[in-house]
Amino acid sequence: MPRNVIFCALLIGVAMWAPIFCVPPMELIIKEHLLLTHTQTSLLLSTPLLMLVVTAIPAGLVSDRVGIKKTIGMGLIIMAAGAVLRSTATDFISLLAYTSIFGFGFGWIFPNLPKLVSIYFGKDKANIGMGIVSSGMPLGTALGLAITVPVILPITGTYQGVFLIWSIPTIIAVASWWILIRQPYTDPRNIEQTSTYITSFRSAFSNRHLLLVAILMFIQQFTSWGWNSWTPVMMMLKGASPSLAGFIASITIWAILPTFLLVPRLSHRIGLRKPFLWVPSIVLAIAFWVAKYITINTSWFLMALVGVAAGTRFTTLMSLPLELTHKSEAGMVSGMLLSIGFAGGVIGPLIGGRVLDTTQNLDLSLVVLMITSLAATFIALKVPETGPGRTTLIHR
């Protein structure tokens with residue numbers, strides 16, 4: 001994979017996720033300044049995902065039509081504009097509106113990252129390529145959680161200043177993409193289409209295996225966003241300072257980063273995918289149950305364990321559409337799966353915020369996360385094995 005593509009993919013990951021995950025560490029600050037409920041502040045985190053749900057399918061279709069460079073480049077410009085505008089917001093309505101603009105660009109980019117992988121890696125190493133391209137996501141998330149309050153907020157003094165600082169990576173990503181990336185030779189426009197887009201769309205929705213993957217993606221995002229959104233608050237309720245709570249929460253994301261790089265290689269080596277779906281689901285169910293009883297001193301290992309399990313399941317799910325469909329339809333299929341899947345990311349934080357407003361703790365939310373993870377275990381066992389080792393299993 002060309003180094004310029006890897007560099008841009010990593011930079012885009014940081015630019016997409018750091019501006020979102022700078023919100024949870026500042027949740028109490030924004031809540032008090034704008035006189036909001038926990039449910040309202042959770043909307044600031046969920047809105048980019050809501051926009052992804054709306055735009056993922058159109059973005060995938062556009063990418064299949066006009067090419068990856070123009071589509072992602074368009075999304076980057078919109079995302080950067082929204083990121084800058086957030087720094088000018090003075091009330092909840094304007095902040096939510098500018099976050100929606102950011103989210104539109106976010107949703108325009110995300111479903112086309114698998115398309116980027118399909119062009120440069122192909123099916124046989126799609127899981128490895130997805131791990132590399134996805135590495136910027138946990139990096140941006142971890143930085144947003146870890147350094148927003150202790151490093152950036154003291155410099156700027158306001159949440160608007162924090163948003164302005166975190167808009168800088170989006171601006172750099174725009175410039176880098178348009179300067180460094182050329183329209184790839186294997187652009188989808190040069191690939192003979194095997195079916196019309198309407199037929200492909202209907203076929204994807206009627207594909208039982210793809211729908212199972214979409215349900216798993218829904219659960220993945222429901223649990224991940226439900227966990228990551230409220231982990232800083234959970235740790236503050238256990239007595240941690242805002243700075244320490246943000247750092248502890250970031251451990252989950254730091255653990256995802258090596259997982260994205262190492263697990264796809266392990267999966268490729270053993271030639272199997274399904275164990276990397278159902279085993280993490282069991283681990284997460286246990287972790288969410290135990291989370292009710294952890295203390296600040298015992299939280300570190302659990303945070304890392306959740307990161308490894310969630311990262312393993314996510315990177316495996318992201319590669320499955322590339323292995324189940326033709327690469328000429330990768331944009332549309334990925335858009336469909338992410339549109340369904342990230343609806344869970346919208347719902348998860350909202351449920352956590354509602355529970356926190358009602359009960360003043362997150363115990364009920366953790367029970368819900370545990371139950372959904374158990375459900376994911378059974379669904380994962382129904383997903384077909386797409387790894388090269390499946391032929392060995394069939395012969396056995």
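This is a short walk through one protein model, from the overall fold down to single residues.

First, the ground rules. The model is predicted, so local features need pLDDT of at least 70 and side-chain atom pairs count only at pLDDT 80 or more, while totals for chains, interfaces and linings use all residues. Residues are numbered from 1 along each chain as its sequence is written, and side-chain values use heavy atoms, with hydrogens and water left out.

Now the overall picture. The protein has 18 helices and zero strands. Helices here are DSSP runs of H or I with at least four residues, strands are runs of E with at least two, and both are numbered from the N terminus. Of the 396 residues, 60% are buried. Buried means under 20% relative accessible area, exposed means over 50%, and partly exposed is in between, with a 1.4 Å probe and protein chains only.

The accessible surface comes to about 15,200 Å². Carbon and sulfur atoms hold 70% of that surface. These areas come from the Shrake-Rupley method with a 1.4 Å probe, and for residues only the protein chains shown count as cover.

What about contacts along the chain? Take contacts between residues at least 6 apart in sequence: 86% of them join residues at least 24 apart. Contact means heavy atoms within 4.5 Å.

Start with α13, residues 275-290. Its 16 residues reach 23 Å from first C-alpha to last, close to the 22 Å expected at 1.5 Å a residue. The expected span is 1.5 Å times one less than the number of residues. Which residues of α13 are buried? They are F276, L277, P280, S281, L284, A285, A287 and F288. They cover an arc of only 165° around the axis, so they sit on the same side of α13. The arc is taken over the directions from the helix axis to the C-beta atoms. As background, an α-helix has 3.6 residues a turn, so residues three or four places apart point the same way.

Now α6, residues 113-120. This helix is mostly covered, with seven of its eight residues buried. Those seven are L113, P114, K115, L116, V117, S118 and I119.

L320, in α14 (residues 299-324), is 206 residues from P114 in sequence, yet their C-alpha atoms are 9.8 Å apart. L320 is buried, at 1% relative accessible area. Leaving out residues up to four places away in sequence, L320 touches V213, R273, L277, V383 and T386. L277 is one of the buried residues of α13.

On to I248, in α12 (residues 242-270). I248 counts as buried, at 0% relative accessibility. Beyond its neighbours within four places in sequence, I248 contacts M235, I296, S299, W300 and M303. L145 is 103 residues away in sequence, and the C-alpha distance from I248 is 8.8 Å.

Then α5, residues 92-109, with S94 and L95. Is S94 buried or exposed? Buried, at 15% relative accessibility. A polar atom of the S94 side chain lies 3.3 Å from the backbone nitrogen of T90. L95 is buried as well, at 0% relative accessible area. Not counting residues up to four places away, L95 touches L34, L44, R86, A89, Y159 and F163. Its C-alpha is 8.4 Å from that of L85, 10 residues away along the chain.

Now some backbone checks. Most residues other than glycine have a negative phi, and most peptide bonds are trans. Where do we find a positive phi in a residue other than glycine? One case is L35, with phi near 55°. L35 lies in the loop between α2 (27-34) and α3 (38-66). L35 is exposed, with a relative accessible area of 73%. Another case is Q360, with a positive phi of about 65°. Q360 sits in the loop between α16 (343-359) and α17 (363-380). Q360 also counts as exposed, at 52% relative accessibility.

Last, the cysteines. C8 is buried, at 2% relative accessibility. C22 is buried too, at 0%.

That is the tour.

Note on methods
A polar contact is a pair of N or O atoms within 3.5 Å; within protein, one must be able to donate a hydrogen and the other to accept it, and residues adjacent in sequence count only if both atoms are side-chain atoms.
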